[in-house]
Amino acid sequence: MNIAPEYIYGYAYRLLDQVTPLLHDCGRRCGGACCEDSDSGTGMYLYPGEKRMYQPLPGWARIDRSGFFYPGGEADILECDGSCDRLKRPLACRIFPLVPYKKQGEKMRIIYDPRATAMCPLRPQELTDKFVRNVTCAMCAVEKLKSARLFIEAQSMLIDAYVKFKL
């Protein structure tokens, strides 16, 4: 069975539309740090095929090549001006500060992204159960796309390198 990426991402977005890491706006704790640094050329990776969700491209966003290669291509990165339409955020924003982690031949799991600790004051034990559950369900759906699975595995290797470098 071959499911269109737009369908998978639409499903994942809907699962995450109404849930947040905390029961209140977590941006109040950090001053919206994940959205503040929008002029630095940073952004969020788009999962393979997710770029289609941004046609036409909203005025608050731009998409560039990231320089991050995985089997199947180079990841796109979505950069925003700090004032996105919340219902049109990319998947990586919706699941932040969590990230799927998968080594080849192993089962995918959802972890707290160690790269997030530099800007996000939330700790894993603070995240609501519903948020974690919905992120897990969304990413299990996304993982069904072979290109996304390869991307997740490559991103997991990047996370491992980040952790090793930080030590």
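Helices (H or I, at least four residues) and strands (E, at least two) are DSSP runs, numbered from the N terminus. The model is predicted, so local features need pLDDT of at least 70, side-chain atom pairs count only at pLDDT 80 or more, and totals for chains, interfaces and linings use all residues. Residues are numbered from 1 along each chain as its sequence is written, and side-chain values use heavy atoms, with hydrogens and water left out.

Figure 1. From the N terminus, the order of elements is α-α-α-β-β-β-α-β-β-α-α. The radius of gyration is 15 Å, close to the 15 Å that the globule rule gives for 167 residues, so the protein is as compact as a globular protein of that length. This radius is taken over C-alpha atoms, and the rule is 2.2 Å times the number of residues to the power 0.38. Along the principal axes, the C-alpha atoms fill a box of roughly 40 × 40 × 30 Å. Of the 167 residues, 42% count as buried (under 20% relative accessible area, with a 1.4 Å probe and protein chains only).

**Figure 2. Lys102 sits in the loop between β4 (98–101) and β5.** Lys102 counts as buried because its relative accessibility is 7%. Its side chain reaches the backbone oxygen of Glu106 at 2.7 Å. The Lys102 side chain also makes a polar contact with the side chain of Glu153 at 3.3 Å. A polar contact is a pair of N or O atoms within 3.5 Å; within protein, one must be able to donate a hydrogen and the other to accept it, and residues adjacent in sequence count only if both atoms are side-chain atoms. Not counting residues up to four places away in sequence, Lys102 touches Lys107, Met108, Glu143, Arg149, Ile152, Glu153 and Ser156. Contact means heavy atoms within 4.5 Å.

**Figure 3. Asp113 lies in the loop between β5 (109–112) and α5 (129–142).** Asp113 has 7% relative accessibility and therefore counts as buried. Its side chain makes a polar contact with the side chain of Arg115 at 2.7 Å. Leaving aside neighbours within four places in sequence, Asp113 is in contact with Pro97, Leu98, Val99 and Ile159.

**Figure 4. Asp113 and Gly43 are 70 residues apart in sequence.** In space, the two residues are 15 Å apart, C-alpha to C-alpha. Across the protein, residues 24 or more positions apart account for 70% of the contacts with a separation of 6 or more.

Key. Buried means under 20% relative accessible area, exposed over 50%, partly exposed in between (1.4 Å probe, protein chains only).
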